[in-house]
Amino acid sequence: MQALWMLLASAMFAIMGSFVKLSTDHGASLPQIVLFRGFPSVVLLLLWARAGRQSIVPTSWKLHLWRNLAGVSSMWLGFFALSHLPLATATSLNYTAPLFIACWMLGWGGTQRDPVRIAAVAVGFLGVIAVLRPSIGEDQWLAASGGLVAGAMSAIAMLQIRQLGRIGEPEWRTVLFFSVAVCFSSVAGLGIEGWGHADLAGYLSLVGVGTAGLFGQLAMTRAFGHGSALLTAALQYSTIIFAALIGMAFWGDTLDVLAWAGMGMIICAGLLSVWRTMREPASAK
């Protein structure tokens with residue numbers, strides 16, 4: 001059952017990414033996109049909690065704080081990349097989180113001489129280079145850098161989500177506090193950049209961002225909080241495939257053999273890193 005939750009999350013996040021690109025094409029600003037990503041979740045989850053007489057007091061404020069700081073930063077950078085890069089390219093960069101976890105383990109986690117993790121990092125970042133070389137132009141490197149940093153921030157957020165699941169925090173409450181943080185960050189962004197100039201199609205796309213993001217976040221939080229970490233990590237990479245298919249169908253994105261090979265390398269390296277982490281004794285993690 002957990003596999004189905006992660007597949008659903010992957011499909012929803014790919015659809016959300018397509019709505020992000022579409023809303024940008026129709027005049028929406030980045031703060032608008034972030035606001036519409038978080039606001040529907042806040043409203044619907046608060047109504048659900050009130051109807052079910054559920055407490056919204058978190059189990060751990062500290063874990064929520066770190067999860068939200070990392071998650072909100074990752075969202076802004078990831079949406080920026082999605083707005084300026086081909087859908088599959090931006091999605092691939094956003095899913096480099098396991099590679100950054102492996103880098104951290106090599107540098108500070110006591111596994112500096114682990115050949116498996118070294119191989120995972122080397123293969124993964126070669127995959128990143130393979131994806132970027134044929135897929136972006138000279139004016140898109142800033143967006144590509146943002147996508148990579150989004151992957152690093154996502155790694156921190158993923159670890160906090162798992163910790164929240166282990167202490168019994170329900171997934172709806174994790175998503176609620178994350179969505180509240182997203183809304184606060186969007187208000188700050190709107191104060192700086194102002195309201196966008198979206199047309200009707202743009203606003204419909206913004207609604208799509210919020211709806212797909214809500215269902216994707218709930219499904220992902222449930223999968224990571226209660227499912228097998230290795231299986232969940234494997235299935236989350238299906239988002240890259242979904243995004244590639246959507247990009248080709250609606251934007252005419254073309255991916256050559258090198259780009260497909262790079263995405264495959266990122267997927268394999270991420271899975272290898274997660275597998276190695278799962279095989280280590282608890283004292284070494």
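Reply:

Phe39 is partly exposed, because its relative accessible area is 48%; buried means under 20%, exposed means over 50%, and partly exposed lies in between (1.4 Å probe, protein chains only). This is a predicted model, in which local features need pLDDT of at least 70 and side-chain atom pairs pLDDT 80 or more, while totals for chains, interfaces and linings use all residues. Residues are numbered from 1 along each chain as its sequence is written, and side-chain values use heavy atoms, with hydrogens and water left out.

Phe39 sits in helix H2, which covers residues 30-51. Helices (H or I, at least four residues) and strands (E, at least two) are DSSP runs, numbered from the N terminus. Together with Val43, Leu44 and Leu47, Phe39 forms a nonpolar surface patch with about 370 Å² of accessible area. Such a patch takes residues with over 30% relative accessible area and no salt bridge, joining nonpolar side chains (Val, Leu, Ile, Met, Phe, Trp, Tyr) within 5 Å and like charges within 9 Å. A salt bridge is a side-chain nitrogen of Lys or Arg within 4 Å of a carboxyl oxygen of Asp or Glu. Areas come from the Shrake-Rupley method with a 1.4 Å probe, and for residues only the protein chains shown count as cover. An α-helix has 3.6 residues a turn, so residues three or four places apart point the same way.

Val57 lies in the loop between H2 and helix H3 (61-84). Val57 is exposed, because its relative accessible area is 52%. The C-alpha atoms of Val57 and Phe177 are separated by 9.9 Å, although the two are 120 residues apart along the chain.

For contrast, take Ser154 in helix H7 (residues 141-166). Ser154 is buried, because its relative accessible area is 17%. Leaving aside residues up to four places away in sequence, Ser154 touches Ser74, Asn94 and Ala97; contact means heavy atoms within 4.5 Å. H7 has 26 residues and reaches 38 Å from first C-alpha to last, close to the expected 38 Å; the expected span is 1.5 Å times one less than the number of residues. Gly168, with a positive phi near 90°, follows H7.

As for the whole, the protein has 12 helices and 0 strands. Of its 285 residues, 53% count as buried. The protein exposes about 13,000 Å², and carbon and sulfur atoms supply 71% of that. Among contacts with a separation of 6 or more, 88% join residues 24 or more positions apart.
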